Amino acid sequence: MKRKKKRRSVPVPTASMGDIAFLLIIFFLVCSDTSKERSLSLDLPQSGYVQKTKVSVAARISMDKEGILYFDGQPVEGPKDVEWGVRAVLANTVADDQRHVQFTCDAALPKEQFEPVIQAIVEAGGILEAVGEKRE
Amino acid sequence: MSRKSRGQEKKHRSGTIPTDSFSDIAFLLIIYFLVATSLVKVKSITADLPSGEKKAQAQTEKTPSVNLRGSEIFFNDKQVSFDELEARLAALDLSSQEGSKRVILLESTRDTPYGSYFQTLAAISASGGVVALVQEEEKK
């Protein structure tokens, strides 16, 4: 006579799953950097010297194909606005690491459009972080 | 009798909050963050551009200058290719120099596109140079 094998119930411990999941959420919330950038239509300049940006930037300035200037995603009038904006952002900074200002610009724009912006960033005390693409 | 049964009912009530679905909600939130998070890293160059007053004395004859005229590059008024510019900048050994000896004047014409400006700026910065922008007013 065959005995019926008793099936052992092996419960998977799921009590802590919720805790783990919430810890992961907190991790993502803390680590994620909300993008202030708009999706701009521009061709980035290329260079063999570009590297992944390791510093945290204080402000993001961008200029699209039409030469429209943006400060942290918001359109601004001109380089003067950029200068005052960067000055305001850097007012409470002490270390050099906090003075990096990211500048993204279309590769085809002429000097008279981009250079006043670069000068505005520099005059306001920012360290220029010019965004580009790695040249293959 | 009825009172008794009510009392028994009260005993059986459990005051626990249902937490079975918590992990499901949490994992849904994780999936949302995973999808929404952009992991693209921006690539850039750090350019050392000192701010300061526009002094003509900074443009001494010994200070090397890079002149961009459209797509053409001139180093100390001699036309060079981009590779030659890199070689000349490397020959200056700017990273071992101090103070004003690290300064490279960067001049450009109005029609210079940002692409070639960026490339030159990157080359000077990579060689350890400090870029001094030359404005058009100074030329007049």
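In which sense do E6(A) and E7(A) pair, and over how many bridges? In this predicted model, E6(A) and E7(A) run parallel to each other and are joined by four bridges.

**View 1. An open sheet of seven strands takes in strands of both chains.** The strands follow one another in the order E2(A)-E1(B)-E7(A)-E6(A)-E3(A)-E4(A)-E5(A), and their pairing is mixed. At the edges stand E2 and strand E5 (74–76) of chain A, each of which has a single partner strand, so one side of each is left without a neighbour in the sheet. Strands of a sheet pair through backbone hydrogen bonds, and they may do so in the parallel or the antiparallel sense.

**View 2. Strand E1 of chain B, residues 43–47, pairs with E2(A) and also with E7(A).** E2(A) and E1(B) run antiparallel and are joined by two bridges, with A:Lys52 standing opposite B:Lys43. The pairing of E7(A) with E1(B) is likewise antiparallel, and it extends over four bridges. Within E1(B), B:Ala47 is the bridge partner of A:Leu128.

**View 3. Strand E7 of chain A is covered on both of its faces.** In a regular strand the side chains alternate between the two faces of the sheet. On one side of E7(A) lie A:Ile127, A:Glu129 and A:Val131, on the other lie A:Leu128 and A:Ala130, and all of these residues are buried. Because five of the five residues of E7(A) are buried, the strand is largely enclosed by the rest of the structure. Where E7(A) pairs with E6(A), A:Ala130 has A:Phe103 opposite it.

**View 4. Chain A and chain B bury about 3,600 Å² between them.** Of this area, 65% lies on carbon and sulfur atoms. On the side of chain A, the residues that lose the most area to chain B are A:Phe28, A:Tyr49 and A:Lys111, which together make up 18% of what that side buries. The contact draws 42 residues from chain A and 40 residues from chain B. Several elements of chain A each supply at least two residues of the side that touches chain B, among them helix H1 (17–31), helix H3 (111–123) and strand E7 (127–131). By type, the residues of that side divide into 23 nonpolar, 10 polar and nine charged.

**View 5. A:Glu115, in helix H3 of chain A, reaches residues of chain B.** What does the side chain of A:Glu115 make a polar contact with? Its partner is the side chain of B:Tyr117, at 2.9 Å. When neighbours within four places in sequence are left aside, A:Glu115 is in contact with B:Ser108, B:Tyr117 and B:Leu133. With a relative accessibility of 5%, A:Glu115 counts as buried.

**View 6. A salt bridge joins the side chains of A:Asp43 and A:Lys65.** The N to O distance of this pair is 3.7 Å. A:Asp43 belongs to the loop between H1 and E1 of chain A, and A:Lys65 to the loop between strand E3 (59–63) and strand E4 (69–71), so the pair ties together parts that are 22 residues apart in sequence. Both ends are partly exposed, A:Asp43 with a relative accessible area of 45% and A:Lys65 with a relative accessibility of 42%.

**View 7. A network of salt bridges links A:Lys80, A:Glu83 and A:Arg87.** Side chains of opposite charge can pair when their charged atoms come close. The closest N and O atoms are 3.4 Å apart in the salt bridge of A:Lys80 with A:Glu83, and 2.8 Å apart in that of A:Glu83 with A:Arg87. A:Lys80 and A:Glu83 both lie in helix H2 (residues 79–90) of chain A, three residues apart, about one turn of the helix. A:Glu83 and A:Arg87 are four residues apart in helix H2, which again amounts to about one helical turn. A:Glu83 is buried, with a relative accessible area of 11%, while A:Arg87 is partly exposed at 33%. Over all chains, the count comes to four salt bridges.

Conventions
Residues are numbered from 1 along each chain as its sequence is written. Chains are lettered from A and ligands numbered from 1 in the order in which they are written. This is a predicted model: local features need pLDDT of at least 70, side-chain atom pairs count only at pLDDT 80 or more; totals for chains, interfaces and linings use all residues. Side-chain values use heavy atoms; hydrogens and water are left out. Contact means heavy atoms within 4.5 Å. Buried area is the accessible area (1.4 Å probe) that two parts lose on being put together, summed over both. Ala, Val, Leu, Ile, Met, Phe, Trp, Tyr, Cys and Pro count as nonpolar, Asp, Glu, Lys and Arg as charged, and the others, Gly among them, as polar. Two strands pair if DSSP finds at least two bridges between them. Buried means under 20% relative accessible area, exposed over 50%, partly exposed in between (1.4 Å probe, protein chains only). A polar contact is a pair of N or O atoms within 3.5 Å; within protein, one must be able to donate a hydrogen and the other to accept it, and residues adjacent in sequence count only if both atoms are side-chain atoms.
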